[in-house]
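Reader: Hey, I've just opened this one and I'm a bit lost. Could you walk me through it?

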Amino acid sequence: MRYQPTLIQLNRAEGVGYEGRATIKLQSGITYSTIELETNIVKRETIKRVAIDVNGNEIVYASAVELDLVDQVLKKHRATGRVILDLARFEYRSIAGIRQKELVTLPTDDVTLIVEFGAKDAADPTTPTMKGKAWALNNQTGQYFMPSMYRITQNIAAAGEHEFVFPNAAPNRWIQRLMFNENNAKISKIEIYRGALRIFEGTRADVEFAMQRLADYSPLADRFVFDPTITGFGTHGAMNTGQRDSLKFKLTVDSPGAMEVLVEGYDQVAAIPQAQ
């Protein structure tokens, strides 16, 4: 199977400005592997949100800081002013895993890249600029999966064990990575249950050792990262969320407070045709 994404320049961005919302209309009918924003912004915190809207639904969103943290975990090359939203994951071992989260668009889809800017930082230039680029393919294999990236928030009542059921679980929904923001509470242990069955248990030291040994990933000082795909298989290693209310997490934390979690994964949106 031939696989060769190529670099293309996106349409001109409209509405670029501090404390504003810029948009780029994306060409439909092609497959997107990576979205790149080339800006003159110095502080990543200034770009509050990067999102892709397909037919009125935001399928992925994250801040520039969060996207940069993902790159730090994966030890990807980074540069000031460049914001990268990887849909394909080239670090995986198989074509299926690499392409699992690509954005396949149909000719009839309405696809928009949305970038929200905050206030100008003292280090930022007077006038912001932004150009969009993408690594993309023309070949289509059908729109069977859609990438997902979004946040959920957990309100931790007290230090000790905090349990939560993964929200909006479904048999067609998979998790590839969870990034817990530890600005209020630090995680020292994680347990995961499917119903009454415990399917994962590890201390922070266990998880971060595995990240480095199995995937050569880099742990973060202020984030706890759980990645079921660290063995290198983005499809077969992804965690299915299962039936509603069936996937439960138990975290051991050192203090109370709100904790945001960046969720990366994908949804199956259509049945895959079977050979007759």
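Author: Helices (H or I, at least four residues) and strands (E, at least two) are DSSP runs, numbered from the N terminus. This is a predicted model, where local features need pLDDT of at least 70, side-chain atom pairs count only at pLDDT 80 or more, and totals for chains, interfaces and linings use all residues. Residues are numbered from 1 along each chain as its sequence is written, and side-chain values use heavy atoms, with hydrogens and water left out.

Reader: Which residues of helix 3 are buried?

Author: Arg204, Val207, Glu208, Ala210 and Met211. Buried means under 20% relative accessible area, exposed over 50%, and partly exposed in between (1.4 Å probe, protein chains only).

Reader: Why are they on the same side of helix 3?

Author: Because they cover an arc of only 155 degrees around the axis, the arc being that of the directions from the helix axis to the C-beta atoms. On the other side of helix 3, Ala205, Phe209 and Arg213 are exposed.

Reader: And what covers the buried residues of helix 3?

Author: The cover includes helix 1 (64-74), strand 13 (187-194), strand 14 (197-203) and strand 15 (223-226).

Reader: New topic. Is His162 buried or exposed?

Author: His162 counts as buried, because its relative accessibility is 10%. You'll find His162 in strand 11 (residues 160-165).

Reader: What does its side chain pair up with, in a polar contact?

Author: The side chains of His162 and Gln154 are joined by a polar contact of 2.9 Å. That term is for a pair of N or O atoms within 3.5 Å; within protein, one must be able to donate a hydrogen and the other to accept it, and residues adjacent in sequence count only if both atoms are side-chain atoms.

Reader: How about Lys131, buried or exposed?

Author: Lys131 counts as exposed, at 54% relative accessibility. Not counting residues up to four places away in sequence, Lys131 touches Glu36, Leu37 and Glu38, where contact means heavy atoms within 4.5 Å.

Reader: Last one: which residues touch the most other members of the largest nonpolar core?

Author: Tyr32, Ile52, Leu113, Phe166 and Phe180, out of 72 residues. Helix 1 gives the largest share of this core, 6 residues. A nonpolar core is a set of buried Ala, Val, Leu, Ile, Met, Phe, Trp, Tyr and Cys residues joined through side-chain atoms within 4.5 Å.
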